[in-house]
Amino acid sequence: MSSSRQFLSSALRQSRAAGQSTAQFSTSSPAAAIRNIPTTSFQNAPRTNNNNTSSSSSSAGSNQYKSDMFNLLNSGSGSRNNRRGGSDDMEGGGQRSGSGSVGQSQKVQELLQSEVTANNYLRQMKRRWTNGDVYAPRDLGAYEMKGKPAGAMAQMPKVDVVDELGFSPLDNYRNFSLISDYITPFGRIRHSKETGLRPVNQRKIAKMVRRAIGMGIHPSVHKHPEILKASAGRHLLPLVVPKGQAAAANKTKNFDGEDEH
Amino acid sequence: MASTRGMSPGAALLRTSRMFSLPAAIPSPPGNKFEIGNSRTVTEAYPTHQVITTFDSSRDRGDWGLKRPLPLKSTTGTTYPMVKVKQMDSIEQITDFASGTQHGLTLKKFQALNIPISTPSELNDPSRVLRPAQRSVFEADTDVTAFSPDQKIQEAERRWKFTGPWLAGMTPGEFKEYLTKTVRPKRAEFRKFIQKKLAAQKTEAANRELQEQAALRGDAVAAKQKPFKPESISDEEVTEYLRQLRNDNQVLYDLVGQFLDLAPLKPPQAAEARVQNSLMINLRATDSPYGARGPPITHPSAGISYLRTSAYLDNHPIYGPQKSHPPVEARVLKPRRGGLGNDAKVGVAGFVADGPLGSTHSNLKNATLMEKFDPNIEGGAKIWVNVDKATVDSTGRIQLTVNDAKATDVLIAKELIGEVSEPIFGSAPVRQQQKSFKRIAMTAERLRGRYMDSSSPSAPTMSGSSGYGLDKE
């Protein structure tokens, strides 16, 4: 996906250069699906209060980017209608203009559009295929493919993990990933309904967590910071800088790597 | 099963026979123990209940030979009547049944592939160049389970069924439990086992010495030492021998493996071993095909196919014997994405397998079928493949090795089912003749001239068949 991100920015520049007109958003086009993509994933700085009146060359903020992306996808207006007829994605809107750069950006748009569609469909097919599995037509149907709801019943492991792995929890009080696994995001020790441990092991695990927190080597209200830094929500972590470098830290960069101020 | 009290022995036999009863359900396939998530409705890797069928006329009346007729609405829709009975008579006084087509038809589809089951082999096994690529699981020397205790030890490299576990497949907790519950109580027995071994060794050594002495003296035959009894070996000798064994890992592991009937293990790679313990490097590699992944939990064929070889030629009605077996269509279940664990998966005959590996035409950059999901393809993306090998792994699942089919084979297969627009047979371009002879029309005079000129040997006679132009030589 990172390669397609670079792809996006060059495509954006091309479309802006070619002066594509804005189009109405459609609820049925594949572009509608990408509105669910959090725009913060394209930022690498905390949100700033942007004016949309800033010049397009300085390309400020997430809203401008988002609208540009929609413009990019919807400017091939013929392709939106073709989608219903089920024609081939690659043929596209058929807006063949003479200039090579516009033709190129056309292809790029089509490629991008089909890429986004394909990824959206794949994200909905949650079945994990292992070699040797048997599948019948039923397994390709909606009920099996969409994935079962992640309820409490689903999350409970079938075996007692401490028994299976044969380790002593109390001897592993320094294992921060183990401690963080057995606490909720707010630092509370998980119930045995979630851990699936038998009472003896549940007590040992709880004692291990209390020991680490009591010693002060593990936080009590969230998971270990090294683990948070590596997690999926790392872009949301607050930016903490040493005192002398506050000015440098406030220089935020937008998606294209250009300074915003 | 009804109790046999108050029943004649014959009746008891009939009641428990296949003809009058369904076998009990087997445990469900072993999956990943640590996996979170309940998927009770997904098709299992192998069937756990017997699938039954019935005549069409009986099916239309709901008669499946069970305690009560089954409802027609759910049982009369399919082409093949197949049903699995979970409970003949439940507490709610119904027959708990489900459709059996998911496994019944998978079996039919697999058998239509006509491939034999082979013993597994590692891809990067150095000894593979010497061994044949496909070895049937029904070979006489490996498909045996009845061994005497001595034969068991000899044949350990070739057996598939072992009483003891495969240590590499046990989790640490399982291993600890195995040690405490099974191994520890057997210490006295192990000492007796060592006594026997030592007695045999002593006898062997004594015999050899006598033979040497006889050879020195010049006698033809040496006196045979009577065999030492295991009881004659003292406890101290056994303890001393066990102490010596601590320094000789190979012999120790062999003895323990024989005593506990452990499945053969592949020794750790030289790179890993160097880090942990230098004594590990010198362990002997095992020849057993199950050393790397563990022995199978079923018969190595899992009863899915009884073919022994695929060394036969398919005969096409027009094109004659074909070099390779006909290809089959495989469904692309998951397109390829870059990175670990993102290989393309295809489904052949109802089984999930890796897509064709290596540098085949479906793995090229411009092959979009395997690369990207295309929602516009009617019925889903499919590719033509040849299934090369089928093996049964240590969890009872069928592993297929799949390769891309050649374009010509695909064309021929499509023609046979009528999917090509133009027929291939007879469409090859006719080679142009280099010389074109001018045709001179046969006139009566010319014909007469041939008969007049009777001196030449090739002149036709009036009564012969040679003059009619029938034999073209």
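How many helices and strands are there in chain A? Chain A has 13 helices and zero strands; helices (H or I, at least four residues) and strands (E, at least two) are DSSP runs, numbered from the N terminus. This is a predicted model, in which local features need pLDDT of at least 70, side-chain atom pairs count only at pLDDT 80 or more, and totals for chains, interfaces and linings use all residues. Residues are numbered from 1 along each chain, chains are lettered from A, and side-chain values use heavy atoms, without hydrogens and water.

**View 1. Chain A and its burial.** Of its 261 residues, 35% count as buried (under 20% relative accessible area, 1.4 Å probe, protein chains only). Among contacts (heavy atoms within 4.5 Å) with a separation of 6 or more in chain A, 63% join residues 24 or more positions apart.

**View 2. The interface of chain B and chain A.** Chain B contributes 41 residues and chain A 39. The two chains bury about 3400 Å², 54% of it on carbon and sulfur atoms. Buried area is the accessible area (1.4 Å probe) lost on being put together, summed over both parts. B:V352, B:K372 and B:F373 supply 16% of the area that chain B buries against chain A, more than any other three residues.

**View 3. The salt bridge.** The rule finds one across this interface. B:K33 and A:E164 form it through their side chains, at 3.3 Å, N to O. The cut-off is a side-chain nitrogen of Lys or Arg within 4 Å of a carboxyl oxygen of Asp or Glu.

Technical notes. Buried means under 20% relative accessible area, exposed over 50%, partly exposed in between (1.4 Å probe, protein chains only).
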